[in-house]
Amino acid sequence: MAVFRFGLFASLFRSDSSHLRSQPSRELCDSVNAEGASRMSDTITEFGSGTGHQQESQQDGTASAGMRRFSSAVVLLSPIVIVGGVVAMFGDVAGEVQGIAAIVLMFWLLLLRVPVGIALGITGVLGLWGMGSLSGAVNTLQNSPWTTSASWALSVIPMFVLMGMLLERSGVARDIFQAVRALLGRFPGGLAISTNFAGAAMGAASGSTLGITYTVGRIAIPEMVRNGYDRRFSAAAVLTAGTGGQLIPPSILLVVYAGIAQVPVGQQLIAGFVPGIAVHAVYALMMVAIVLMRPRIAPTSGEARLRGLERLRKGVGIWPVLLLIVVVLGGLYQGVFTSTEAGAYGVLAAMFVVLVLRGPSVLVKSVLPATRDTAVAVGAVFLILIGGAMFGRFMALSGLPRGFAEWLESANAGPVHFMLLVLVMYLALGMFMDPMAMMLITVPILLPVATAVGIDPIVFGVFVVLLGELAVLTPPVGILVFAVHRIARDSGVNLSLSEAFRGVSWFYPVTLLVALAMVLYPEFVLWLPGLMD
């Protein structure tokens with residue numbers, strides 16, 4: 001608990017994303033805070049202004065001016081919106097109206113750069129108070145931090161984060177990318193495909209989308225551009241690597257969803273494996289198709305000319321990922337240990353990998369910084385979870401989820417209609433929110449409706465995580481696109497925001513096809529967890 005308190009207070013009082021301080025780009029850490037603790041307006045302002053780079057495209061400058069005007073309008077309208085929201089929450093109105101007012105107020109606080117966890121907590125407590133339950137609001141403030149964080153189901157999060165931090169700190173993550181590149185470099189667009197599947201490999205070693213994107217991006221983008229790859233195609237390869245990797249266990253988002261939905265963590269993690277691999281396979285096929293139609297977009301690289309034995313020698317470096325998959329997923333699937341124990345065994349496996357590949361001295365030097373970074377990252381995650389628990393309690397009492405479900409039932413809306421509605425909602429929310437914040441805000445409202453229309457909670461969890469990852473690529477404020485834009489600039493690649501958005505837009509349709517496949521054929525998600533039973 002001492003480590004957790006350190007991380008929680010660090011996430012509250014430090015805005016420099018110190019859990020990512022190991023990365024050389026402080027601006028990236030400031031702009032893209034760990035999976036939900038970020039402040040979106042800071043991201044917009046910093047990246048849009050192009051601080052530290054003298055060459056910005058005219059389109060980026062226009063977007064920056066537009067965002068500044070938008071920010072000014074938000075500040076001017078804030079007194080009206082905040083006072084109106086509070087009055088509605090404390091007024092003599094129906095609970096559903098109070099719930100809608102709370103959602104509006106919460107979104108407005110996010111636009112004012114209030115951290116996600118605090119915005120959720122404020123609106124939740126005010127909502128409970130406004131419903132005439134001052135004692136309930138006080139009780140929530142007293143008990144929610146403990147009842148939310150003291151959960152065995154969520155105790156796996158620090159272990160999964162530490163596992164990824166150890167591999168990143170020791171440099172093993174770079175070796176994994178080079179091994180995947182050697183194995184897949186011979187295909188059309190080989191470097192892009194290698195980047196894509198390196199994201200899948202990193203997904204088996206890290207629960208952070210931003211961590212996957214940064215680790216792969218700072219290696220792959222300069223290399224692809226140096227080999228003559230189109231900048232848009234290079235950016236898209238890195239963005240898709242980070243997006244699909246979050247579905248592959250260990251996934252922090254799937255663990256958080258399992259805690260909210262009260263479903264078995266092990267089954268929820270296993271359920272994401274097949275869709276995660278399918279997403280990366282579809283991305284790879286799309287890349288091959290693009291290169292075959294437009295060969296100049298990705299010239300043949302050096303890896304295509306490697307001989308069999310040389311390719312195999314370099315490809316052997318993929319073994320750390322295979323070991324982690326066998327330990328974490330194999331142990332879960334075979335019932336050797338619980339999902340909580342899987343995280344601890346995963347950390348031991350990661351330490352073994354670092355010991356073998358880098359030696360005891362590097363392992364010792366990596367443990368303390370990785371533990372510190374993990375504490376701050378986990379503190380940021382749990383701050384959001386605590387605020388989300390407060391907000392979710394108010395939503396349940398307001399009756400808004402129940403009213404939404406009754407409205408869908410009266411409209412004869414089935415599972416497919418509901419999932420399409422969620423898809424549109426997440427794409428809109430992704431314009432200014434990150435996946436974890438979207439989940440904590442929407443799942444307490446949508447999950448009761450999903451179960452009411454016959455959707456399995458485990459399928460719904462994989463669906464919303466995939467949509468959340470796609471949503472952060474949505475223009476005009478796709479948080480992951482801004483991160484890749486900065487990574488490219490720091491690496492000396494003159495990539496504009498418009499090029500990054502155009503590149504990743506090629507992959508929107510195929511991602512939506514995978515999401516729709518989960519809606520139409522839920523067995524696609526459920527068959528592997530079903531074998532565990």
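## Basis of the values

The model is predicted, so local features need pLDDT of at least 70 and side-chain atom pairs count only at pLDDT 80 or more, while totals for chains, interfaces and linings use all residues. Residues are numbered from 1 along each chain as its sequence is written, and side-chain values use heavy atoms, with hydrogens and water left out.

## Overall make-up

The protein chain has 27 helices and zero strands. Both are DSSP runs, numbered from the N terminus: helices are H or I with at least four residues, strands E with at least two. Of the chain's 533 residues, 58% count as buried. Buried means under 20% relative accessible area, exposed over 50%, and partly exposed in between, with a 1.4 Å probe and protein chains only.

Contacts here are heavy atoms within 4.5 Å. Among contacts in the protein chain with a separation of 6 or more, 79% are between residues 24 or more positions apart.

## Nonpolar core

A nonpolar core is a set of buried Ala, Val, Leu, Ile, Met, Phe, Trp, Tyr and Cys residues joined through side-chain atoms within 4.5 Å. The largest one holds 157 residues, and the members touching the most others are I157, F233, F418, V422, Y426, F460 and F463. Helix 19 (residues 360-398) gives the largest share of this core, 13 residues. In soluble globular proteins, nonpolar side chains tend to be buried together.

F463 is in contact with M419, V422, A515, M518 and V519, leaving aside neighbours within four places in sequence.

Two packed helices are described by the angle between their axes and the distance between the axes. Axes are lines fitted to C-alpha atoms, for helices over the stretch in contact, and angles run from 0 to 180 degrees between N-to-C directions. Angles under 35 degrees count as roughly parallel, over 145 as roughly antiparallel, 65 to 115 as roughly perpendicular and the rest as oblique.

Helix 13 (residues 252-261) packs on helix 22 (residues 435-452) at about 25°, with the axes 10 Å apart. That angle makes helix 13 roughly parallel to helix 22. From helix 13, I252, L253, V256, Y257, I260 and A261 meet P435, M436, M439, L440, V443 and L447 of helix 22. This contact of helix 13 with helix 22 has twelve nonpolar, no polar and no charged residues. In these classes, Ala, Val, Leu, Ile, Met, Phe, Trp, Tyr, Cys and Pro count as nonpolar, Asp, Glu, Lys and Arg as charged, and the others, Gly among them, as polar.

Helix 21 (residues 415-429) also packs with helix 22, at an angle of about 170° and with the axes 12 Å apart. Helix 21 and helix 22 are therefore roughly antiparallel. Here F418, V422, M425, Y426 and L429 of helix 21 meet M438, M439, T442, V443, L446, V449 and A450 of helix 22. By class, the residues of this contact are eleven nonpolar, one polar and no charged.

## Helix 21 and helix 26

The axes of helix 21 and helix 26 (residues 508-520) come within 10 Å and cross at roughly 150°, so the two helices are roughly antiparallel. P415, V416, M419, L420 and L423 in helix 21 meet L512, L516, V519 and L520 in helix 26. The contact of helix 21 with helix 26 divides into nine nonpolar, no polar and no charged residues.

Q262 lies in the loop between helix 13 and helix 14. Its phi is near 60°, a positive value in a residue other than glycine. Most residues other than glycine have a negative phi. Q262 counts as exposed, at 68% relative accessibility.

Q268 is found in helix 14 (residues 265-271) and counts as buried, at 0% relative accessibility. Not counting residues up to four places away in sequence, Q268 touches L254, Y257, A258, V263, P457, I458, G461 and V462.

T195, in helix 10 (residues 190-203), is buried with a relative accessible area of 0%. Beyond residues up to four places away in sequence, T195 touches F177, V216, A220, M224, A237, V238 and A241.

I221 belongs to helix 11 (residues 209-226) and is buried at 3% relative accessibility. With the sequence neighbours up to four places away again not counted, I221 touches V238, V484, A488 and V493. I221 and S234 are 13 residues apart in sequence, with 5.9 Å from C-alpha to C-alpha.
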